[in-house]
Every structure is written in structure tokens, then in C-alpha cells.
Amino acid sequence: MGGTNVWDAEWEVNEEQARTLIGRQFPQLSSKQVKRLGWGWDNTVFLIADEYVFRFPRRTIAVGSIRMEGKLLPKLEAYMTIPYPKPLFYGEASDEYPAPFLGYDYVLGDFPIGLTEERRALSAETLAKFLRRLHEFPVQAALECGVQQDHRNLTDIASRKVKLEGFLSKVVEHLSPEESGVIEAYISRLKKDRVEAVNALLHGDLHFKNMLVNENGIVSGIIDWGDMSVGHPACDLSVAYSFLPPYARGVFFETYGGADEETKLLARLIAVYIPILILMQAVDDGNEAIAAEAKSNIMRALSD
């Protein structure tokens with residue numbers, strides 16, 4: 001492994017440690033099978049007997065978000081129109097492991113990789129209803145649970161554009177001339193520097209690695225809520241561009257309850273920005289399936 005990346009861990013948890021930690025605090029789970037499902041930048045994830053998912057923070061920065069999820073996710077239940085992982089087991093930090101950890105309901109489904117445009121379009125209303133309800137959650141109640149307010153400066157288009165150019169230069173050799181041409185043309189057309197602030201509770205990281213679909217390709221689960229924050233709804237509405245084909249966006253925004261031009265502009269920018277980040281990590285990991293999906297998300301976001 002070369003150098004340090006933003007996604008490198010401060011501490012790792014293997015299956016054996018996870019089994020011990022879970023069994024000690026939750027004896028009713030001690031005889032169940034523990035299997036590592038994967039890991040993100042912030043957490044290592046384990047599947048317990050196909051019933052529960054446990055997330056263990058991999059770095060200090062992730063501890064606050066585990067605590068916040070433990071408080072806020074149960075309160076979202078009345079607002080949720082798509083299954084999501086509700087916390088059931090609250091693990092405490094101990095001498096053996098320095099952080100709290102959480103166990104959730106296991107949400108069934110597959111990642112939406114390589115879906116046809118027709119299948120994607122089937123989720124337009126499902127996604128719009130889900131986001132309409134989520135964005136209705138009282139902002140004050142979210143802030144009281146420790147959610148951060150716009151820590152990513154979502155409305156600052158100018159600085160995001162500069163970052164995007166930097167990312168593009170890192171992955172340009174992994175794009176076709178046509179793909180990089182389309183992205184460069186888009187960036188050069190972006191003239192607005194910022195949009196008006198709007199505050200809503202956000203999932204904050206809505207993309208194909210945090211969405212699950214059923215056998216018909218319809219969205220059946222939204223996972224990984226560690227990036228919840230209060231900020232501009234365009235952040236989540238980016239799925240209208242990255243996930244849905246152009247012809248399904250009208251019904252999406254109609255069902256959601258409309259969105260002004262600024263919101264759509266920002267949503268499209270984030271729909272390019274997030275998959276470029278995913279592409280960077282996929283290239284680093286040598287994961288061709290994820291890289292290909294990230295590229296197709298960008299190209300979809302930039303097609304009308």
C-alpha cells in the first residue's frame with residue numbers, strides 16, 4: 001500500500017474480534033455466525049447470521065457519527081418510506097476496542113450496479129417520496145441529536161468546481177476522451193458561484209453504494225446513514241441525475257414537490273462530484289465494476 005489515503009483506517013477489526021466484542025456485550029448473539037461484509041472510509045461492517053449488521057468505526061472521526069446515528073435513526077421511523085437500518089444493539093467502548101459500535105436490522109437487496117435505464121426509471125416516484133418525507137423531518141430535532149450543519153459548504157459551487165477539476169485530473173487517464181470531454185465541457189459551463197442556503201435533514205451520501213434494489217431493480221433499501229447532516233436538499237436530490245435517466249426526472253421532481261433551477265443545478269453538480277470520488281477510490285482499489293458504474297453515473301448525470 002502506498003502512502004496514506006483519506007480512507008485509511010486508524011484501527012481494524014477482524015471477524016474474530018467482532019465476534020468476541022459482540023458476544024461479550026450481547027450474549028444472545030454469541031452463537032451466531034459473524035461474517036465481514038465490507039468496509040467504507042469510516043466503518044468496518046459485519047453481517048450476523050443474515051439477521052443483523054454491525055458497524056465498527058475504523059477511525060476517531062467516525063465515532064461521533066455512530067453516536068449521532070444511534071440517537072437519530074430511531075426517530076426517523078415515522079418518516080421512512082423505504083426500509084433502512086434501524087439501530088437495535090448499542091455497543092459500548094471498552095479496553096479491547098476504543099469506540100462505541102452499533103448493530104442494526106439487516107436490510108435486504110442488491111446494489112444497483114449495471115441496471116438498465118428502464119429499470120432505474122421504475123424508482124422515480126419511490127425515491128422522490130422517500131426524499132420528500134426525509135426532508136420534512138424537523139431540522140431542530142436533528143440538530144439536537146448532534147447532526148452537523150452544512151459542514152461541507154454544499155452551496156459553495158465555486159470551491160466545489162475547483163475540487164472537481166482536481167479530481168478529474170487524477171482520474172482522466174481512466175476515462176475515454178469522450179467522457180473526459182463531456183465532463184470538462186460541463187465544468188467550463190458552470191458559471192454560478194453559489195446558491196442560496198436551504199436547510200433540510202439530509203442522508204448526505206446518497207449514491208449507488210448506499211442504495212439497495214429488489215429483484216425488479218426497484219430501490220428497496222437506503223443504507224449507511226453516517227453522513228447525515230443539515231444542509232441543502234440538492235445533496236440528496238442528486239440521485240435524480242446520477243441514478244435516474246433523463247426521461248424519469250420530470251415525474252421525480254413532480255412527486256418530490258418541485259425544485260427550483262438553483263437546486264437542480266447544484267443537484268447535478270453533486271451527481272458528478274460524488275461518483276468522481278467513488279471512481280478515484282475504485283481505481284485505487286482496482287475495482288473495475290465499481291469504476292464502470294461510477295463512470296456511467298457521471299455520464300447519466302450529464303445527459304439530458
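**Entry 1: a partly exposed pair.** I started with Arg133, which is partly exposed at 27% relative accessibility. Keep in mind that this is a predicted model. Which residue meets the side chain of Arg133 in a salt bridge? I found Glu136, with N to O at 2.7 Å. Glu136 is partly exposed as well, at 42% relative accessibility.

Entry 2: Next I looked at Asp304, which forms a salt bridge with Arg268; the closest N and O atoms are 2.7 Å apart. Asp304 lies in the segment after helix H12 (288-301) and Arg268 in helix H11 (residues 261-285), so this pair ties together parts that are 36 residues apart in sequence. Is Asp304 buried or exposed? I noted Asp304 as exposed, at 74% relative accessibility. Arg268 has 19% and counts as buried, because the cut-off for buried is under 20%.

Entry 3: Then I turned to Glu69 and Arg55, whose side chains meet in a salt bridge at 2.9 Å, N to O. Glu69 sits in helix H2 (residues 63-72) and Arg55 in strand S3 (residues 52-57), so the contact ties together parts that are 14 residues apart in sequence. I checked burial too: Glu69 is buried at 1% relative accessibility, and Arg55 is buried at 7%.

**Entry 4: the tally.** How many salt bridges does the count come to? I get 16 salt bridges. I also wrote down a network of salt bridges that links Glu117, Arg120, Glu293 and Arg300.

**Entry 5: the sheet.** I see 5 strands in an open sheet, ordered S1-S2-S3-S5-S4, with antiparallel pairing. Strand S1 (34-39) and strand S4 (87-91) are the edge strands, each pairing on one side only. From one strand to the next, the twist averages 25 degrees.

Which residue in S5 stands opposite Arg55? I found Leu102 there. S3 and strand S5 (residues 101-105) run antiparallel and are joined by 4 bridges.

**Entry 6: helices on the sheet.** Last, I looked at what packs on the sheet. Helix H1 (residues 15-25) does, touching S1, strand S2 (43-48), S3, S4 and S5. The direction of H1 makes about 115 degrees with that of S1. H2 packs on the sheet too, touching S2, S3, S4 and S5, and the direction of H2 makes about 40 degrees with that of S5.

Terms used: Residues are numbered from 1 along each chain as its sequence is written. This is a predicted model: local features need pLDDT of at least 70, side-chain atom pairs count only at pLDDT 80 or more; totals for chains, interfaces and linings use all residues. Side-chain values use heavy atoms; hydrogens and water are left out. A salt bridge is a side-chain nitrogen of Lys or Arg within 4 Å of a carboxyl oxygen of Asp or Glu. Helices (H or I, at least four residues) and strands (E, at least two) are DSSP runs, numbered from the N terminus. Buried means under 20% relative accessible area, exposed over 50%, partly exposed in between (1.4 Å probe, protein chains only). Two strands pair if DSSP finds at least two bridges between them. Axes are lines fitted to C-alpha atoms, for helices over the stretch in contact, and angles run from 0 to 180 degrees between N-to-C directions. Contact means heavy atoms within 4.5 Å.
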